[in-house]
Amino acid sequence: MENTSNLGRTLNSGKEVLKNENAVVDCDIHNSVPPGGLSPYLSKNWKEHHKQFGLRSRIGGYYPRALLNAARRDAWPPSGLPPGADLGFMQKQLLDAWNIEYGVLNPLIAVGEQLNLEYGAALAKAVNEWQIAEWVEPEPRLRASIVIPYEDGELAAEEIHRCGENPGFVQILLIARTRAPLGNRKYWKIYEAAAEYELPIGIHFGGVAGPITGAGWPSYYIEDHGGMPQAFHTQVISYVCEGVFDRFPTLRVALIEGGFAWLPPLIWRLDATWKKLRSEIPKLQRKPSEYIREHFWLSTQPMEEPPKREYFEQLLEQMDMDDKLMFATDYPHWDFDSPHRALPNFLKPELRRKILADNARALYQFEKK
Amino acid sequence: MRKEDGGAPAKLSTPTQFVYAGIQAIDCDIHNEIPSLQTLFPYMSDFWCDYCRNSGFRGPDANDYPRGSPLTTHPDAIPPWEVDLPHIREWLLDRWNLEYGILNCAYRVQSVHNPDLAAALAQAINDWQIEHWLEPEPRLRASLVIPSQVPELAAKEIERVGEHPGFVQVIMPVRSRTPYGNRFYHPIYEAAVRHHLAVGIHYGGAPGNQPSPTGWPSTYLEEYSGMTQVFQAQVISLVVEGIFNQFPELRIVLIESGFTWLPAVMWRIDKEWRGLRNNTPWLKRLPSDYMREHIRFTLQPIDSPPNPKELLQIIGQLESEEMLMFSTDYPHWQFDTPTDALPPELPRQLAHKILWENARAFYQL
């Protein structure tokens, strides 16, 4: 394990360069639990359960990551804690260094994947309490996502009701690879609760519920990581076709760490197929593309990087979603995007501001500082 | 069962307003469907005929083209299982001025779990194709149906009939139990290359595992429109698992896959490769280079953007004029009028390549 503190060596501190009008909202920060970190938030029985059996999900889908903990080499804090577990270090390396105005925490602790649903619910409660006590309260720039045992709509909704009024939470966190496509009715209690508290749904990269492609199990991490847009494809189609947005017209969904270049072709295909097969879902009130452009937000990282400037400009025009793209770093993971370098330098200043901060401020209802 | 007269007139096969009329074309996706399991009995052993009769087996149950669905049969065409050679001759080969038509039989022997039955069915289908389609009609070429879930038996079938000049490719459904880049499939690619056959990966299939990384969608609309993500998984698998390094002559064609999604996949995987190339040290070039060199796409369904300019942008982003090959997907419903079969805004030179030249080169016709 490397505990090198090379902050400031590998990363240029942006502090002096960026002024407040250049502040960044980071839509994807991963805070992690240090060993034993959830103990104060679990009941005696669940603590014992945790000790004896640990996390149990649909395992068998593990591909060794690029680097230990999928983390940047320089993200291991000098304190010896794992990447993302040391608030002080995160403040320095991320929030201060890049002039982050607000950051949204998305802890990836697989609570929703637990086979034992009640254990998943207990874990969710613990993680959410830990987030407020140890992250959001001590650091006003951070906001948290509510984690939920999403494979059971009722248990999930209970947790949303428990947390929904707390202003420290700004979204409900789901994962890209779920057991059923997320438009399925089994998840509707989640959306009902989300609508009640006006919380967006965030769907983050990851998860394992069965073979990770529609063609079975691939062999390498590059396929696991590079294939993630396939899961997002299915989720977008499912939300639209299952009528979720007709039933919950105020629902907003953020697709996090899925990239976005795949969206325009998906929109065209879905509209074209719907024209032929609309008799199957006669209740759908509008063209699929209209729902998609209205209800989905997308985080940028990992940005697709077309080889030519014109392709990127074409992509933005085809998407026609300038108000929906939101910058994210994915700190502390290896494929971190820097606010300085990730966005192409030819973007118009107005659009750059939208992506770096304004769009996320609007979705998460952040006050401009 | 089949109409002897070739069925009712089909409006969509009268390309009178076809903007490129006069240019010769090759149609890379015509469906010849097996009317029923009984059609295959004359080509199967007594053992398997008895097995089918006694067990009540009625054929693979992929159901990737629900029989009544509007997409399966164009509102003005006859249903696929009634399409026979006279019909194809009259409504497709003659009227569209086709130099060649490539038949893609979508009978899913790959969904049959009994490997020997799957192989027996494949063998019967190929013999039926030779007798009823290839021998009587020199403009037709066909796809060799193989039990790809058992590569050893699939390779045997390629050995058996791969030298027949009518077969130009082997065909496998895009939905598989294991992605096609896996070395498990090497015997198929080895045999295909040895017999100078392309490998076609076609929409559909029913291997038993879920059709997406997130389980089973509820509707056919979701499954059909979502099938592009399975094609994406296969493209990524084929390239990064090193199939083209292992078989440098291998030619792959994705059929009924759409193609507008490809630039986004190229950009994403090229970027992944920069970060994760230690996963796959055999890749010596950008993944997108392998795609351009080895993979082709049939045209329909185009999944056209509403603005024709955007389609040209996507074709430009492919950075290759060789990747697209004309297809009608007949008798499935992919376009309303012949004008829509090929986007009218294509530059003439590119249209010529898509209509004819690319397929001619790819299939070595």
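Start by selecting chain A: buried residues make up 54% of its 369 residues, where buried takes 20 or more other C-beta atoms within 10 Å of a residue's own, exposed 12 or fewer, and partly exposed lies in between, with C-beta atoms placed from the backbone. What you have open is a predicted model, in which local features need pLDDT of at least 70 and side-chain atom pairs count only at pLDDT 80 or more, while totals for chains, interfaces and linings use all residues. Residues are numbered from 1 along each chain as its sequence is written, and chains are lettered from A and ligands numbered from 1 in the order in which they are written.

**Chain A as a whole**

Stay zoomed out for a moment. Along its principal axes the C-alpha trace of chain A spans about 60 × 50 × 45 Å. Switch to cartoon and you'll find twelve helices and eight strands, which are DSSP runs numbered from the N terminus (helices H or I, at least four residues; strands E, at least two).

**The sheet of chain A**

Next, select the strands of chain A. Eight of them form an open, parallel sheet in the order β1-β2-β3-β4-β5-β6-β7-β8, where two strands pair if DSSP finds at least two bridges between them. Which strands stand at the edges? They are β1 and β8 (325-326) of chain A, each with a single partner strand, so one side of each has no neighbour in the sheet.

Now pick helix α3 (residues 117-136) of chain A, which packs on the sheet and touches β2 (100-105) and β3 (142-147) of chain A. A contact here is two C-beta atoms, placed from the backbone, within 7 Å. The direction of α3 makes about 175 degrees with that of β3(A); angles run from 0 to 180 degrees between N-to-C directions, and axes are lines fitted to C-alpha atoms, for helices over the stretch in contact.

Move along to β6 (residues 253-256) of chain A, joined by three bridges to the parallel strand β7 (residues 296-299) of chain A. Click A:A254 and look for its bridge partner in β7(A), A:W297.

**A loop on chain A**

Select A:S43, in the loop between β1 (24-29) and α1 (44-53) of chain A. Is A:S43 buried or exposed? It is exposed, because 11 other C-beta atoms lie within 10 Å.

**Where the chains meet**

Bring in chain B. The contact takes 58 residues from chain A and 60 residues from chain B. On the chain A side, α6 (221-226), α7 (228-241), α9 (263-277) and α11 (309-319) each supply at least two residues.

Zoom in on α9(A) and helix α6 (residues 220-240) of chain B, whose axes come within 10 Å and cross at roughly 150 degrees. Their contact includes A:W274 and A:L277 of α9(A), and B:Y220 and B:Y224 of α6(B).

**Last stop: a strand in chain B**

Finish at β6 (residues 252-255) of chain B. B:I252 and B:L254 on one side, and B:V253 and B:I255 on the other, are all buried. Four bridges join β6(B) to the parallel strand β5 (residues 198-202) of chain B, with B:H202 partnered by B:I255. Strand β7 (residues 295-298) of chain B also pairs with β6(B) in the parallel sense, over three bridges, and there B:I252 stands opposite B:I295.
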